[in-house]
Structures are given as C-alpha cells and as structure tokens.
Amino acid sequence: MNNQQQIDSSLEQRAMAELEAEHYKEAIELYKQLWESSDDKKWQQQLAYCYLQRALSFGNRGMLREAFIIWENYIEYAELPYQAYDHYICWQIQAQDSNKIKLALQQLTASQLDKQYPELARLLGCLILTGQAELQRYLADDSVFMTHLSLAEIALQAYLDNNQPLLKDTLKQIPYRSAFKDFRVLLNAAQQFPVITEQTVSKIAIDSIYYPAISLLLTCTIEGAKLVQALSQYSYAQVKVATELKGFESLQQGLVESLIEYKDDLSDKVKFDLLIQYQQLWPTKFVESLCKSLLIKYPEGHKKFNKYFTSLSRAETHRLKALAGEYRHNPMEALDYWRQFIDELKKETADTNFKIALILRHMAELQTDQLMSHELIIESLDYDEDLACYLQLLNYFSSLDSIEYKQWLLVGLEKFPKSIELLTQAIKLAAEMREYEQASQYALQILAIDPLNTAAKNSLFFSYLDQSRQFILQAEYQFAEQFIKQAQDLRLGSTYQAQAQLVCGFCYMANQNEQQGRALINTALAKLHEDPVNAYFQATMEALLIELPVAHVLQGIKPVDSFILSGQQLSSLTRQINNYAKDFDSQLLLLKAIEKIDSSLKSSLSQQHYNDTLLLLLAQALDNIHAYNLLQFCSEQGLKLSDTAIWQYYFVVANVSGVADKCSTAQINHLEKAREQADNDKDDKVKLLIDGFIERYYQGHSDTSKGFVDNLLNSNEESDDEYFDPIDELFKHIPEDDLLKINHMTDELMMEITPEKLVEGLTQDEVSNEHILHAMMQDPDLFSTLMVLKAADRLGVEINLSVKDVLGFFDIT
C-alpha cells in the first residue's frame, strides 16, 4: 500500500466515524478530500447522503433558508430521483414561494404522489380543499390522487349545500387507503355536529393534517367555562372558527377571546371589568349581583359599581364590609359590620326577622368565645324559632349548668313538642331526677309520633320498672304489678321479659310471697345470665334498690367466690354497672353490691388475660362509681398489659381514692410524665382527664411548688399548708446535687415500677411484702418515700437510710 492509499484509508475511517456519530458537517469535509483525491462514485454518494441529512435536520427545526442552501448542495451530488423530495416540497409550501412550489410539483410523478409520498398527498389534498385550488394545476392528471380529489370536492360542495344523499353517496366512493380518508371522517363528523364522540375523533391519527380540525370540532361540543379553558389551547384563528361554529355573536366572541387572554390572570378586578364590558349578554340584575359579590374581594370597584348600577344602601354596604372582613380572616371586624347590618334591617318596614336570625347564627359561628357565641344563638331565637338552635344550646349547657339545661329543654319542648330529639333528652333528664312517671310520658309521646322507635320503647320499659320499684318501696304492690305488666306488654324481647320477671319476683318477696318470688327471681336470673357473678350482682342491686335484706335474698343463689369470669361475662358485668350507675342515687348501693363479688372479680382479673380494651371499659365504670379498691387492682393488671398514660392515671387516682388533694408530689410528677406521654400519643381524652385531676390538686395546694426537689430544697421554709410531707423530714440531710439526681431517677422509676415490684426489690420476706404493700395502698406517701429510696439505691448514692428506717418512720412494724 502506497502513501496516498494510507492517507485515503485514514480519511475514510475518520469520515465513517463522524458519519456514525451524526457529525455530518465534519464528515462532509473529509469526504470532499476523498472525492478530490479519487473520483470514486461512493464518495459522491456519501457526500449526497451527508448533505441530505443536514438539510432534513435544518428543515425539521424550521430553519428553511439553511435547508434550501444545503438542498442545493445535495442535488449537486445526488442522482434522480431525489430522496426525501416530499420534504423539499413541504418546505417550499411553508416558505410560500409560488414559483418554486410550481416547479417542484411539476416534477412530481403520479407514482410518487399516489404511492411514495402519502403524507405529502394528504397535505396537498387539504390545502387544495381549503383555498389553494391552484396547486392541482401542477399535479399529474393521470394520478389516483386527482380522481379522489374530484370526489372530495363534490362531497364538500354537497355538505355546504346540505345535499345529504349526494354527500353520503360520494363519501362512500372515497377508498380507505385514499389520501382523503381522514377528510371523509372529518366531513362525517361535521355532518353529525354537535353530536361527536371521542371514538369518532380516534379514527384520525394525532399526526394527521386533519386532526386539529376534528379536535376543534369536538371542543365545540363543550359549554361554559370548560369551553373557554379548552379553546385557550388553540390559535386565534381556530378560536374564531370555533365561536362561529357555536353560533356566537360578536359580543360573545369578544368575551371568549378576553377570557382566553386573561386566563392566567383572571383577578377579581378583571372579572369585574369584563362583567361591566359585556353586561349586555346577561340580565341587568344578574350582572349587578355578580359585581356586588366581587366587591367583597375588590372594594376598589365601588365607584364603578355606583356608576353602572343602583347605588348601594347603607345596609348593603355594611353587609359587604362584613363579608370582606371574613374574607380577610378578621372576625372581629366582620362581627361589628354584621351588627350594623342588623341595625339597618330593623329600620326596614318589611319583615326581616328571619334574615336577622340567620345573620345572628352566622355571627355565632364566627365568634371564638363559646359563651358569646351561644348568647348570639339565644338572641336569634327572638326572631325565629329553630330546633337546631335549641339542640345546640342543650349540648352546650349539658356540661355546664343543669338549671340552664333544664330551662332550655322545657322551652324547646314548648316550641317543638313533637321533636323526638328533645323528647329523648327530656326522658334522660326525668330519669336522672327520678321523675319516672314524667319519663314515661315523654317516651309515650315519642311512640305516638314514631311507633317503631326502639329507644323510646326501651326508655319506657325501664321507666315502668323504676316506677314499680318506687311502689314496692311504698308497699303499694298492686300498683307495682300494674307497671310491671305494662313493661311486659311492650314485648321488647326475651331479655326484657326476664328483666320484668325479676322485678316481679322481688315484688312478691317484698309482699310476703317468698316462695313464688324466689322462684321467679331464680328463673329470671337464669335467663339473664349464664354465670353466677352477674346473677349475684344483679340480685344484690335489685334487693338494695327496694331495701330488702340482701343476705336473705341471696340465700337461694349460688355463691361466687371461686368463679372466674370469661371476657364476655366481664363485659356483661361492666354493662350492668354502667346501667345502674345512670341513677345517681344508686351509686352508693353499687359500692355495696360490688363488695359482694369483690373476691371473684379480683380472682378473675388475676387469672384471666383480658384484652386492654375490656379492662379499660371496666376501669372507667369503676372510676365512675368511685370503686377505688377494685380500680386499683384493675389498674395494676392494666399496667402489666401496657404501660400507657391512661393506666398510670387510673393507678394514681385509685391510690388516693379519687381525692386529688391526697396526692404526694411524687404522684403528681408521675401524672405530669403520663400527660406528656398522652400528648405524644395524641390521646386528647386522656390528656384532659389528667389535666383536670392535676388542676384539682393545685387548687388545693396553691402554695405548694411542683416536684420532689422543690419540696426538699425548701423544707426549712415556713408554710401555711398544714400538710406534713415525710419526704421533707427523711431526706433533708442529702446534698442538693444528689437530690437532683435522685429526683430525676425517681421520675423514671415511676414510669416502670409497680408497687408490687418495688416491694419485691426492697425485701425478700413475702409476709412482710404483703404487709408493706397493704400499708402503701393506705398511705401514698409511703410509696413515694420508698420510691426515693429505690432511686438512691439504683444510683448508688449513700443516703444513710434503710427500708427499716422508713417503715419505722411510718410506724409500720
């Protein structure tokens, strides 16, 4: 291989590399060098290919001038027929050079038009049909394209003439593979307008020259704001076509164009101005109303509003300013203007009472102060009676003021005597006040309105039983039996019948018919309960309620000391406690009844693995009736399951018998830790319980500082509080730094150690453990003191105090 051949080989390799990398300009320079050194035809072909690719690149980017220049270079090296000639013609059409378009089309053969360039054929067909008819003069007459063009022109004219038979017949003659097949779909769609489906549109490809037209046709089937939004994607000319298709008048067209123009900045000012500008399109009152509403967010429009519409009255001005205040999140300003608006309404001759009432209720929603909010609701009732308002007031006063609650309930019933909601609340109130006859009357009123009301029947049933118990207490057994009979006649079900049978049995026993009474009682209890504990508890409660000797009544009932309750049976017992607890006077009797099953209940809690939910329901019921001995036992079991804030709360409450004043500082610190845990767990109900208890503690200890350390460090200061804290006396000799450490450790131990674990860790004597544990339950300060001792031991701090010293201090031997 000579030197020139080596050079050519190297150039060829470099040229091929540039070509593969699509660096056509660089490849052209290298191929020119090869062409100059050799007249090999392949270099000419490569040059033609590179120039064509560059021309296509410029054309696709819309750089037509550059594309034409490169095309001239291409044809210098290319041979006929030219490749991508359809692209060249499309560029000329885009450039709108009529002479060059004419020359280019005249060189186009019938075969190229019909077979080689389908996209160009579709473009030319569309242009000829839409106004550039002269182009057909330059095309081959013997082409299939020209035949189909003739059919398309006939079809278009038939559409314009509304000649349906000719249109349908002509469109059928246009073949599926014709350059006018998409035109055929478009014309069919136009014929069916405004009924056009997405399926029809999908027949035309997205890249088809006809797709924008059929897409615009589909858009024209939309109405209102969606139409404006859709048209905003089109050109001005297309929007013009669309509004004409919709049959819009010039004002409507102008509005659509304006809305499209301001689509990205349709401010309240723009809306206001457009409504004024195009107000002729709507009724005057409608435009005035819309403009008035816009003044809330666009107050600068007041002057223009008064120019075009009736000037605003004082009342209307206040109303708009009130709404503007609400829009700016300024409720106080809004409330002031609403009040002024009401003052103006009162001056009007027309009846404005209902409007005033609605405004006052709206003001109540804005008012952040609950008391003032409900005062506004009360004021609104002077102008309009409204059941929802009475219910809202009752809900508010139910937890605040029983006298106010009763007053509003009675007023509500007077205004709405057939309100089931009010009558239901009246039943509950009457039962709480032991006015059972009145409760029965309310229930009967509900049943007169709604005979199938199960809740009313249920309330009536228990009202009858409560009244029968009252007559038993008064030794008026005949009346008692009448009410029992009325309860049975309600026919609410077997459980209710057994309940009535039970009370009937006690009525017989009270009336010296012990044999029949005891038989009824035993039969009823067997129907009501599968287990002896629930039966024993209910028998005890019923005996206490009518003041019969409990021991005598229970003689014929199976003892319960060794019985272990299942989860379902414990749930049933909890429901019984809650049902009897609804009567406040029964709560003291409940404690006596609970004592009768204390042993069985504790055994069940110790031996059964109840779930946390069931235990919490029991704890809530025990707390409600102040059964703190059992609550303490229940909370200990709960803490073994889950060391949650609610169990820590119940544990402390039970240890001080529900009296916040009896808490030690350690217990209060423990509760505050539990509150933090509830806060972290987002348990608002538990947090409120703890907050209320701690608040009651500090109300009774207003001069007492928080925490162990504060108490210990200030132990020498005089205090007016008569309470003696043993921690102050026992640990006053400990240095301040050590006390701080012990205090922190005590808080941690409070979260993890139960009283049983604490005692087990301090002594190995089981008998002594039980004795100390019992003493701790009686005196919470002992528990707190021993916890400090445990904390010091855990830290290894020498405090020169033993368990024996602490027990001696508390006189525990």
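Predicted model: local features only at pLDDT ≥ 70, side-chain atom pairs only at ≥ 80, totals over all residues.
Residues are numbered from 1 along each chain as its sequence is written, and side-chain values use heavy atoms, with hydrogens and water left out. Local features need pLDDT of at least 70 and side-chain atom pairs count only at pLDDT 80 or more, while totals for chains, interfaces and linings use all residues.

Consider the helices first, taken as DSSP runs (H or I, at least four residues) numbered from the N terminus. Helix H8 (residues 118-129) and helix H9 (residues 144-160) have axes that come within 11 Å and cross at roughly 40°; the axes are lines fitted to C-alpha atoms over the stretch in contact, with angles from 0 to 180 degrees between N-to-C directions. Contact here means heavy atoms within 4.5 Å, and the residues making it include Leu-124 and Ile-128 of H8 and Phe-145 and Leu-149 of H9.

Turning to charges, the model has 24 salt bridges, each a side-chain nitrogen of Lys or Arg within 4 Å of a carboxyl oxygen of Asp or Glu. Asp-273 and Lys-304 form one of them, at 2.8 Å, N to O. Asp-273 lies in helix H17 (residues 268-277) and Lys-304 in helix H19 (residues 302-308), so this pair ties together parts 31 residues apart in sequence. A network of salt bridges links Lys-269 with Asp-273 and Lys-304.

Within helix H28 (residues 454-473), Arg-469 and Asp-466 are three residues apart, about one turn of the helix, and their side chains meet in a salt bridge of 2.7 Å, N to O. Both Arg-469 and Asp-466 are buried (under 20% relative accessible area, 1.4 Å probe, protein chains only).

Terms used: Helix = DSSP H or I, 4+ residues; strand = E, 2+ residues; numbered from the N terminus. Buried < 20%, exposed > 50% of the residue type's maximum accessible area, 1.4 Å probe, protein only.
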